[in-house]
Protein chains: 2
Amino acid sequence: MARQYHTKGKEVLLTYFMGSTGKRFCAKDVLDYLNDCEISMNQATVYRNLEKLTEEGKLLKTKNPSDDTGYYQYVGDGSCCREHLHIQCKVCGKIVHLEGPVMDSFNDYVQNKLNFVLEPKESVLIGKCPDCIDKE
Amino acid sequence: MARQYHTKGKEVLLTYFMGSTGKRFCAKDVLDYLNDCEISMNQATVYRNLEKLTEEGKLLKTKNPSDDTGYYQYVGDGSCCREHLHIQCKVCGKIVHLEGPVMDSFNDYVQNKLNFVLEPKESVLIGKCPDCIDKE
DNA sequence: AAAAATTTGCAAATCATTCGCAAAAGTCAT
DNA sequence: ATGACTTTTGCGAATGATTTGCAAATTTTT
């Protein structure tokens, strides 16, 4: 199945994301950036590369509750993001990972007490992050 | 500003949602249902009514992270408590309340470690319930 | 029943994202 | 590096959920 080729395109995107500590960008942000740098990459290609980098576990893709736009953030080679829950700020969209001993017992409770199989990818915890609370 | 009229349309939708214990439906589900019942309601009207019922607090609108479709579920009679989290079966729609000591430490972790304010009524945990797992 | 306000149907528009397909570029064995 | 093979790219058009503009229909108020 689908070997990965090393292309200039993916490299440019990855560098862009890695250079900006965990910040979230949508496809349009990337397109605008490329345009500013006079790097030419088609819109479909941008989407395809974002998807590939997401599959490779380098980017995390999320959506704000309020719109349909996909946002991507660099999460290194964190293969972790697939299995655990996240909480998202309803104001700024920031994603925080939920892990650690508390979450272990949470998962244990859900799986072994309630006998539910949790689907982290379909689940969304919504809240307000400290930064956005401060700004109010 | 914008008083609410009582219309047949909204009533039909509300009845549909109330009749099916908290299960999640998207606009297309509603449209299909209306079509089966030979009730005629335009797609734009369905969307407008879903939005109005959501504004009125009768429906909760959520989106799965993995797709762009909006899902609605009835929460208007307060049967779906607003102060704590729930997990819902993606197959049958059953809702289970999450409470107890494990959830207390979960809430403590989110509020005092991460400093997030969780919004339980906007958050949805999705999974599969034991009954539906057995049936597979 | 008339006037005022809101809701409806319809078709077209939006907007992010995806598709089909031929051309271009990356990879590998020779 | 040459050719064979595979994956990626660009392009324009298509998709799919949702929204919009507007005139007609319905509901509420007077």
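Sugar and phosphate make up 70% of the atoms of DNA strand D that come within 4 Å of the protein. This is a predicted model, in which local features need pLDDT of at least 70 and side-chain atom pairs count only at pLDDT 80 or more, while totals for chains, interfaces and linings use all residues. Residues are numbered from 1 along each chain as its sequence is written, chains are lettered from A and ligands numbered from 1 in the order in which they are written, and side-chain values use heavy atoms, with hydrogens and water left out.

**DNA strand D**

- Helix 3 (43-55) of chain A and helix 3 (43-55) of chain B each supply at least two residues of the surface near DNA strand D; helices (H or I, at least four residues) and strands (E, at least two) are DSSP runs, numbered from the N terminus.
- Helix 3 of chain A gives the largest share of this surface, five residues.
- By class, the surface near DNA strand D holds eight nonpolar, 10 polar and six charged residues. Here Ala, Val, Leu, Ile, Met, Phe, Trp, Tyr, Cys and Pro count as nonpolar, Asp, Glu, Lys and Arg as charged, and the others, Gly among them, as polar.
- A backbone N or O atom of Gly70(B) is 2.6 Å from a phosphate oxygen of DNA strand D.
- An N or O atom in the side chain of Thr7(A) lies 3.3 Å from a phosphate oxygen of DNA strand D.
- For Arg3(A), a polar side-chain atom lies 3.4 Å from a sugar or linking oxygen of DNA strand D.

**DNA strand C**

- Tyr47(A), Gly70(A), Asn42(B), Thr45(B) and Arg48(B) come nearest among the 24 residues around DNA strand C.
- Sugar or phosphate accounts for 67% of the atoms of DNA strand C within 4 Å of the protein, and bases for the rest.
- Helix 3 of chain A and helix 3 of chain B are the elements that give two or more residues to the surface near DNA strand C.
- The largest share of that surface, five residues, belongs to helix 3 of chain B.

**Contact between the two protein chains**

- Contact (heavy atoms within 4.5 Å) joins 37 residues of chain B with 36 residues of chain A.
- The buried area between chain B and chain A is about 3200 Å², of which 66% comes from carbon and sulfur atoms; buried area is the accessible area (1.4 Å probe) that two parts lose on being put together, summed over both.
- There are three salt bridges between chain B and chain A, where a salt bridge is a side-chain nitrogen of Lys or Arg within 4 Å of a carboxyl oxygen of Asp or Glu.
- One of them joins the side chains of Lys63(A) and Asp68(B) (2.2 Å, N to O).
- Strand 6 (residues 117-118) of chain A pairs with strand 7 of chain B in the antiparallel sense over two bridges; two strands pair if DSSP finds at least two bridges between them.
- Within this pairing, Leu118(A) has Gly127(B), in strand 7 of chain B, as its bridge partner.

Notes: Near = heavy atom within 4 Å. Polar contact = N/O pair within 3.5 Å; in protein donor to acceptor, adjacent residues only side chain to side chain.
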